[in-house]
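This briefing sets out selected features of the structure shown below. Please keep the sequence and the model at hand while reading.

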Amino acid sequence: MKVLFIGDIMGEPGRRAISRTLPRVMSEHDVDVVIGNGENVAGGFGITPDLAHELFDMGLSVITTGNHAWDKKEIVEFFPHEPRLLRPANYPDGVPGWGSIVVDTPKGERLAVLHLMGRAYMPALDCPFQVARREVGRLKRETPAILVDMHAEATSEKMAMGHFLDGEVTAVVGTHTHVQTADEQILPKGTAYITDIGMTGPIHSVIGIKKELAIEKFLTGMPRRFEVASGPALLCAVLIELDARLGKAVSIRRVRIAE
Ligand code: FE2
């Protein structure tokens, strides 16, 4: 099975980059399942039901989110109706939506996606490590093929999760920091790993934001209303090949394609 996991999709430029590059990437690499992080898809902050449908229509089977999951208030009521849209599993009990899903691929294989969020320099949630242990145990009863999106700020917390789940899941991939890291690897016990997939969005920007606004905020220390930058965009993703019956990763490679 080949899975393309797309990094944080930033606003209209990110959606445009997907629509222009995804069909070619899917056919060239014989991709079975596409997953993407969509928490910044609505003007850089949050996601709406319409935009979730737009991503599903473009070929995504599962959308993960993160700390920006709730930025658009209309999405809160949408979560319980759309199991393909995930919020981190370590939100407290009673929060709308789900933190994992098992999807059936067109080839009749099963793939689980588990979404977690870190706690270092992030909102205080339940422990992602304890929740991972519990959820992976539950998901393994349905399929050995499990991908984890660890949405976190600190590289150390993402690496710790990779090693914590090494040999237990197929892949642990990081999202949230918007810059693709060059540390993709198969960990010692067989789990594919990358600290951050990177952003799918405007190239000439500060992690997707208009550079002038970001610079002004750093220069003055005053709050600024951020806007998504315009101009040419980049698709950032990882392509993970796995043995779905064994749940073992075969390879992980970075993908960076300008629209
Ligand atoms: Fe985030």
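Two strands are said to pair if DSSP finds at least two bridges between them; strands themselves (E, at least two residues) and helices (H or I, at least four residues) are DSSP runs, numbered from the N terminus. By that definition, β5 and β6 pair in the parallel sense over six bridges. The model is a predicted one, in which local features need pLDDT of at least 70 and side-chain atom pairs count only at pLDDT 80 or more, while totals for chains, interfaces and linings use all residues. Residues are numbered from 1 along each chain as its sequence is written, and side-chain values use heavy atoms, with hydrogens and water left out.

**The sheet**

- Six strands make up an open sheet of mixed pairing, in the order β4-β5-β6-β7-β9-β8.
- Strands β4 and β8 stand at the edges with a single partner strand each, so one side of each has no neighbour in the sheet.
- Strand β4 (residues 100-104) pairs with β5 in the antiparallel sense, over five bridges.
- Within this pairing, S100 stands opposite L114 of β5, and I101 has V113 in β5 as its bridge partner.
- The two strands β4 and β5 form a hairpin with five residues between them; in the turn, G108 has a positive phi of about 85°.
- Strand β5 (residues 110-117) is largely enclosed by the rest of the structure, because seven of its eight residues are buried. Buried denotes a relative accessible area under 20%, exposed over 50%, and partly exposed anything in between (1.4 Å probe, protein chains only).

**The iron site**

- The iron ion is coordinated by E39 (OE), N67 (OD1), H151 (NE2) and H176 (ND1), at 1.9 to 2.3 Å. Donors are N, O and S atoms within 2.8 Å of the metal (3.2 Å for Na, K and Ca); water is not among the atoms, so sites may look incomplete.
- Along the sequence, the spacing of the donor residues is E-x27-N-x83-H-x24-H.
- The angles among the four donor atoms run from 87 to 150°, and the site is irregular. Four donors count as tetrahedral if all angles lie between 85 and 135 degrees; four count as square planar and six as octahedral if opposite donors are over 155 degrees apart and all others between 65 and 115; anything else is irregular.

**Salt bridges**

- The structure holds 15 salt bridges, each defined as a side-chain nitrogen of Lys or Arg within 4 Å of a carboxyl oxygen of Asp or Glu.
- One of them joins the side chains of E259 and R16 (2.5 Å, N to O). Since E259 lies in the segment after β12 (248-258) and R16 in helix α1 (residues 11-29), the pair ties together parts that are 243 residues apart in sequence.
- E259 is partly exposed at 30% relative accessibility, whereas R16 is buried at 19%.
- Another salt bridge is formed by the side chains of D32 and K107 (3.0 Å, N to O). This pair also links distant parts of the chain, 75 residues apart: D32 is in the loop between α1 and β2 (33-37), and K107 in the loop between β4 and β5.
- D32 is buried, at 15% relative accessible area, while K107 is exposed, at 56%.
- The side chains of E82 and R84 likewise meet in a salt bridge (3.0 Å, N to O); E82 is buried at 8% relative accessibility, and R84 is partly exposed at 31%.
- Through shared partners, salt bridges join E12, R16, R20 and E259 into one network.

**Loop positions**

- I207 is located in the loop between β10 (201-202) and α6 (211-220), and is partly exposed, with a relative accessible area of 43%.
- Q180 is located in the loop between β7 (171-175) and β8 (185-186), and is buried, with a relative accessible area of 12%.
- The C-alpha atoms of Q180 and R24 are separated by 21 Å, and the two residues are 156 residues apart along the chain.
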